[in-house]
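Here is a short briefing to read alongside the structure. Keep the viewer open and follow the topics one by one.

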Amino acid sequence: MSGHGRPDLPVVIVGGLHADARRAAVARLLADVPGSVVLHHDLATAAAGTVVRTVRDATGVLSAGEAPLVNDCACCALREDLVPELERLARAGGTPLAVVELWDSVEPKAMAEVVTAGGFTVTGVITAVDPALVLPYLGNGDDLAEGGLAAATDQRTVADTFARQLEYAPVLALADSPEADDEDRELLAQLHPTARRVPIGHGDPAGSSPLARAARAGFDVEAAAAAQHPACALLPAEADAHGVATLVWHSRRPFHPERLYAALEDLTCAAARSRGRFWLADKADTLLHWDAAGGALCVESAGPWLASLPDAAWEMVPPVRRAAAALDWHPEHGDRCQHLVFTSPGLDRDGLERLLESCLLTDAEYAAGRAAWERLPSAFDTLLEV
């Protein structure tokens, strides 16, 4: 029994915008883990006011129903309906694995947190990927809504949603893709170097296929969230192979807000994917998050740098954040720094480094000190909606 007084029901979350790969991964799990059950909420009907839920096993559909929209939000309806369905499955007993197959554009982080908060154990989070589609999806700046993949009010793009789906999951289930080449596979490896890449491949009815083992290997929701937080994110390392490169750029000097703002378009378009944290001279206390894919950039405040907090506040900061700050610590600036990572085929590493360096404060500007920096024009206020 779990601590919530119900039989244990291991839950694996399988998501991804590559629908064919996702369906193949789910079918593989159903075949390899006898008795396993799949829950899926189809959000395609959300415009009509409902979300269609199906529960199925390897033999076919066991039940189907509709969940009403909550606050005109399809994902909210999924959240409201998912845990009660898992509870029903748990009470019925006899299910060795519940597979939550996410709708295309649903991000696994939110659902893993919902399932865990509901008292269930998430034993794995898997994003299914067709390696040949990684670059086209990362380069797709279209709104999800335009492709019928989300509600009209959804502001997310295909590229940024795909990037988050990819980078959150510790396991990537890879479709057998004849069109994929070494560059495609290398891009995937550099974007998420710590991921376990498992071929969807062929089945094993004994339940010991690599995918079935990965689905039950264990998952830490808090660690996964920390690995995505800009202050302590586990970012890719330097790499260069098969025409794909990753540049990891550090600096201990703040950016000049106007020069960086003027370079944003060129920096955003310089790589298929870039992310990290950065420091503006006029906002010395604010850790800023850089998140770019598909030619679009999202910049937002991620709270204070630890160096700007009084000592007493450090006890409220998660240990992983303190550890990350300690690694970056500078006697004068604390954890304030530039840490940006750019990954792309055909990356112009030298040109990109020169552009980034040109956006930093000059020696004279730097020597003028923080009081002068804070008087610099605040070019980012509209972007940050201050």
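The largest cavity is lined by Ala231, Arg277, Leu287, Trp305, Arg321, Ala324, Ala325, Asp328 and Asp335. It holds about 40 Å³ of space. Please keep in mind that this is a predicted model.

**Cavities**

- Across the whole structure, the search turns up two cavities of 30 Å³ or more.
- Which helix gives the most to the lining of the largest cavity? Helix H10 (residues 319–328) does, with four residues.
- Sorted by class, the lining of the largest cavity comprises five nonpolar and four charged residues, with no polar ones.
- One of the lining residues, Arg277, also belongs to strand S11, where it is buried.

**The antiparallel sheet**

- Six strands make up an open sheet, ordered S9-S10-S14-S11-S12-S13, and their pairing is antiparallel.
- Strand S9 (239–241) and strand S13 (296–304) are the edge strands, each pairing on one side only.
- On average, neighbouring strands of this sheet are turned by 10° against each other, direction ignored.
- Strand S14 (residues 338–345) pairs with S10 in the antiparallel sense over eight bridges. Within this sheet, Trp249 has Leu340 in S14 as its bridge partner.
- S14 also pairs with S11, again in the antiparallel sense, over five bridges. Here Arg273 has Thr343 in S14 as its bridge partner.
- S11 pairs with S12 over six bridges in the antiparallel sense. For Arg277, the bridge partner in S12 is His289.

- Is strand S11 (residues 273–278) enclosed or open? Six of its six residues are buried, so strand S11 is largely enclosed by the rest of the structure.
- Arg273, Arg275 and Arg277 point one way from S11, while Ser274, Gly276 and Phe278 point the other way; all are buried.
- As background, side chains in a regular strand alternate between the two faces of the sheet.

**Strand S6 and its parallel partners**

- Strand S6 (residues 122–129) has eight of its eight residues buried, so it is largely enclosed by the rest of the structure.
- Strand S1 (residues 11–15) runs parallel to S6 and is joined to it by five bridges. In this pairing, Gly15 stands opposite Thr127 in S6.
- Strand S7 (residues 171–174) also runs parallel to S6, with four bridges joining the two. Thr127 has Leu172 as its bridge partner in S7.

**Salt bridges**

- How many salt bridges does a search of the whole structure find? The search finds 24.
- Arg28 and Asp32 meet through their side chains in a salt bridge (3.4 Å, N to O). The two residues are four apart in helix H1 (residues 19–32), which means that about one helical turn separates them. Both Arg28 and Asp32 are buried.
- Arg164 and Asp291 also meet in a salt bridge between their side chains (3.8 Å, N to O). This pair links distant parts of the chain, with Arg164 in helix H5 (residues 158–168) and Asp291 in strand S12 (residues 286–293), 127 residues apart. Arg164 is partly exposed, with a relative accessible area of 26%, whereas Asp291 is buried at 11%.
- Asp363 and Arg253 form a salt bridge whose closest N and O atoms are 2.8 Å apart. Asp363 lies in helix H12 (residues 363–367) and Arg253 in the loop between strand S10 (244–251) and helix H9 (257–269), so the pair ties together parts that are 110 residues apart in sequence. Asp363 is exposed, with a relative accessible area of 57%, and Arg253 is partly exposed, with 23%.
- Salt bridges with shared partners join Glu107, Arg156, Asp160, Arg164, Glu167, Arg273, Arg275 and Asp291 into one network. Among these residues, Arg273 and Arg275 point one way from S11.

Note on methods: Residues are numbered from 1 along each chain as its sequence is written. This is a predicted model: local features need pLDDT of at least 70, side-chain atom pairs count only at pLDDT 80 or more; totals for chains, interfaces and linings use all residues. Side-chain values use heavy atoms; hydrogens and water are left out. A salt bridge is a side-chain nitrogen of Lys or Arg within 4 Å of a carboxyl oxygen of Asp or Glu. Buried means under 20% relative accessible area, exposed over 50%, partly exposed in between (1.4 Å probe, protein chains only). On a 1 Å grid over the protein atoms alone, a cavity is a set of points where a 1.4 Å probe fits but cannot get out, and a pocket is an open set with protein on both sides within 12 Å along at least five of seven lines; lining residues have an atom within 4 Å of a point. Grid points are joined across faces, edges and corners, and a volume is the space filled by probe spheres set on the points. Ala, Val, Leu, Ile, Met, Phe, Trp, Tyr, Cys and Pro count as nonpolar, Asp, Glu, Lys and Arg as charged, and the others, Gly among them, as polar. Two strands pair if DSSP finds at least two bridges between them. Axes are lines fitted to C-alpha atoms, for helices over the stretch in contact, and angles run from 0 to 180 degrees between N-to-C directions.
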